[in-house]
Amino acid sequence: MTPTAHPAHPARTAHGPATSRTATTAPAPHSRQVPALWLALLATPVAASANSPVLILPDMASSLGITTASATWLVTAFAWAMATGTPLMAALLRHRGLRTTLHLNAGLVLLGTLIVAFAPSLPLAMAGRVAQAAGGAGLVTAAMSLAGSVRRMGVITAGFGVLGAVGPLLGSLIADSVSWRASMAVSALSVLAVPAVLRLAQSARTAPASGPAFDGRGAALLILTATSVVLIPRFPLPAVLATLVTAALLTLHVRRRPTGFVPAKLLRDRRFVLSTLLACAVATSYFTLLFTVPQLLRDRTDWSTSTIGTGQLVALLAGSVLSMAFAAVSARLGYGKVLTILLVTAALAPLTALFTPWAVLLLPVATLAVFATTAGQATLGVHAIRAADDTERPTAIGLFNLFYQLGGAFGPAIAALLTLGA
């Protein structure tokens with residue numbers, strides 16, 4: 001099975017009358033598709049917002065009166081909220097429909113942006129970033145649910161790669177021109193797409209889904225487990241113990257309720273488990289290098305912040321373009337070869353950063369890292385989603401993206417340990 005053999009629609013209904021379970025997450029057959037550019041605008045600004053602190057962590061730390069290492073909590077909190085918010089918002093989309101999902105998450109993005117704009121301390125700024133990320137996770141989930149084909153999904157993932165690449169330099173330029181707080185407001189641009197998506201998406205007018213009640217206990221245990229995992233790089237012993245306890249409780253709950261928030265069927269599928277774990281690994285490598293490379297360039301060269309930002313931008317854009325070209329030929333290569341290329345590239349990037357004596361090679365490291373994670377997210381995501389049937393695809397998307405976003409939480413924490421000090 002090749003990764004692009006047929007569309008990976010996260011909530012496609014079968015031919016014939018749509019059931020109430022899937023009506024809220026898939027456009028009706030007669031409805032117009034939302035143009036892919038509107039979906040990209042809805043989903044991708046969060047990628048720029050996530051990466052905008054990369055070059056301005058010292059400025060953020062100085063403004064809040066904390067160390068640069070402490071400022072990385074703003075990045076970790078954002079990634080944690082993206083990770084845990086994605087499966088929750090997938091459940092909201094499934095049970096309450098598109099209109100409620102878009103309204104709630106647009107509100108969260110705007111509220112979080114407002115909080116960050118005036119937060120006088122790290123805890124309050126973290127709360128604002130959490131609201132932004134949770135809202136962004138919901139908007140991404142909604143956009144993916146409306147994609148409907150690999151090509152349209154590719155527009156969204158390409159947008160992630162491009163805006164993620166632009167994010168560090170964009171954040172630096174906005175911080176220099178206005179303030180670092182203004183650079184955190186980039187994700188609010190996604191709200192501009194909400195009215196158009198609501199107007200064009202037929203599914204926005206469907207009734208909420210009926211069916212099994214929301215599995216609140218399963219959701220809570222999954223969030224607690226993910227939170228414990230996120231804290232492992234910072235508090236190894238207590239976080240590992242908490243992870244073991246919460247994971248055990250979650251396992252028992254899944255056995256008692258195999259069709260709940262975490263479907264047992266997905267956990268028993270080797271394709272899904274392997275794809276999600278690999279996605280977490282390549283994302284961890286990418287986000288670690290995203291924050292480590294600029295610091296290493298500061299230490300090893302006399303380049304200015306703008307020069308480092310421009311160099312990283314070119315490197316990340318090159319990796320994004322390579323990933324799009326790779327996606328075009330991946331179907332002819334076969335899944336095994338594609339996976340091998342991704343794993344070799346993902347391993348080569350951190351090894352080069354660790355052992356190279358030449359600072360200039362750190363920029364190609366960023367290219368390799370973004371190529372591995374962008375191409376890996378698309379390839380592994382399609383493979384993971386195919387492990388689920390139509391009714392479970394929103395859940396599969398949510399859980400897969402949770403593992404991918406865990407890499408976004410691990411990376412900055414590992415970078416802080418490696419280059420910024422405890």
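Author: A contact here means that heavy atoms lie within 4.5 Å. The model is a predicted one. Among contacts between residues at least 6 apart in sequence, those joining residues at least 24 apart make up 83%.

Reader: What percentage of the residues in the chain is buried?

Author: A residue is buried when its relative accessible area is under 20%. The chain has 422 residues. Its accessible surface comes to about 16800 Å², with 70% of that belonging to carbon and sulfur atoms. The buried share of the residues is 57%.

Reader: Are helices α6 and α7 roughly parallel or roughly antiparallel to each other?

Author: Helix α6 covers residues 98-118 and helix α7 covers residues 122-145. Their axes come within 7 Å and cross at roughly 155°. Angles over 145 degrees count as roughly antiparallel. The two helices α6 and α7 are therefore roughly antiparallel.

Reader: Is the crossing of α6 and α7 left-handed or right-handed, and how many nonpolar residues does the contact have?

Author: The crossing of α6 and α7 is left-handed. Among the residues that make the contact are Leu 102, Ala 106 and Val 109 of α6, and Gly 128, Ala 131 and Gly 135 of α7. By class, the contact of α6 with α7 has 9 polar residues and 1 charged residue, and its nonpolar residues number 13.

Reader: What is the angle at which α5 and α7 pack?

Author: Helix α5 spans residues 68-96, and its axis lies 7 Å from that of α7. The crossing of α5 and α7 is right-handed. The residues of this contact divide into 18 nonpolar, 8 polar and 1 charged. The packing angle of α5 and α7 is about 35°.

Reader: Which residue is 5.0 Å from Ala 137, C-alpha to C-alpha?

Author: Ala 137 lies in helix α7 and counts as buried because its relative accessibility is 1%. Not counting residues up to four places away in sequence, Ala 137 touches Met 82, Gly 85, Thr 86 and Met 89. The residue 5.0 Å away, 51 residues apart in sequence, is Thr 86.

Reader: How many charged residues are in the contact of α14 with α17?

Author: Helix α14 (residues 270-300) and helix α17 (residues 362-385) have axes 9 Å apart and pack at about 160°. That angle makes α14 roughly antiparallel to α17. The crossing of these two helices, α14 and α17, is left-handed. Their contact has 18 nonpolar and 3 polar residues, and its charged residues number 2.

Reader: Is Ser 275 buried or exposed?

Author: Ser 275 is found in helix α14. Leaving aside neighbours within four places in sequence, Ser 275 is in contact with Tyr 335, Leu 380, His 383, Ala 384 and Phe 400. Because the relative accessibility of Ser 275 is 1%, this residue counts as buried.

Reader: What separation is found between the C-alpha atoms of Phe 371 and Ser 320?

Author: Phe 371 lies in helix α17 and, at 9% relative accessibility, counts as buried. Residues that Phe 371 touches include Gly 319, Leu 322, Ser 323 and Phe 326. Phe 371 and Ser 320 are 51 residues apart along the chain, and their C-alpha atoms are separated by 5.8 Å.

How values were computed
Residues are numbered from 1 along each chain as its sequence is written. This is a predicted model: local features need pLDDT of at least 70, side-chain atom pairs count only at pLDDT 80 or more; totals for chains, interfaces and linings use all residues. Side-chain values use heavy atoms; hydrogens and water are left out. Axes are lines fitted to C-alpha atoms, for helices over the stretch in contact, and angles run from 0 to 180 degrees between N-to-C directions. Helices (H or I, at least four residues) and strands (E, at least two) are DSSP runs, numbered from the N terminus. Angles under 35 degrees count as roughly parallel, over 145 as roughly antiparallel, 65 to 115 as roughly perpendicular and the rest as oblique. A crossing is left-handed if the near helix is turned anticlockwise from the far one by less than a right angle, and right-handed if clockwise. Ala, Val, Leu, Ile, Met, Phe, Trp, Tyr, Cys and Pro count as nonpolar, Asp, Glu, Lys and Arg as charged, and the others, Gly among them, as polar. Buried means under 20% relative accessible area, exposed over 50%, partly exposed in between (1.4 Å probe, protein chains only). Accessible areas come from the Shrake-Rupley method with a 1.4 Å probe; for residues, only the protein chains shown count as cover.
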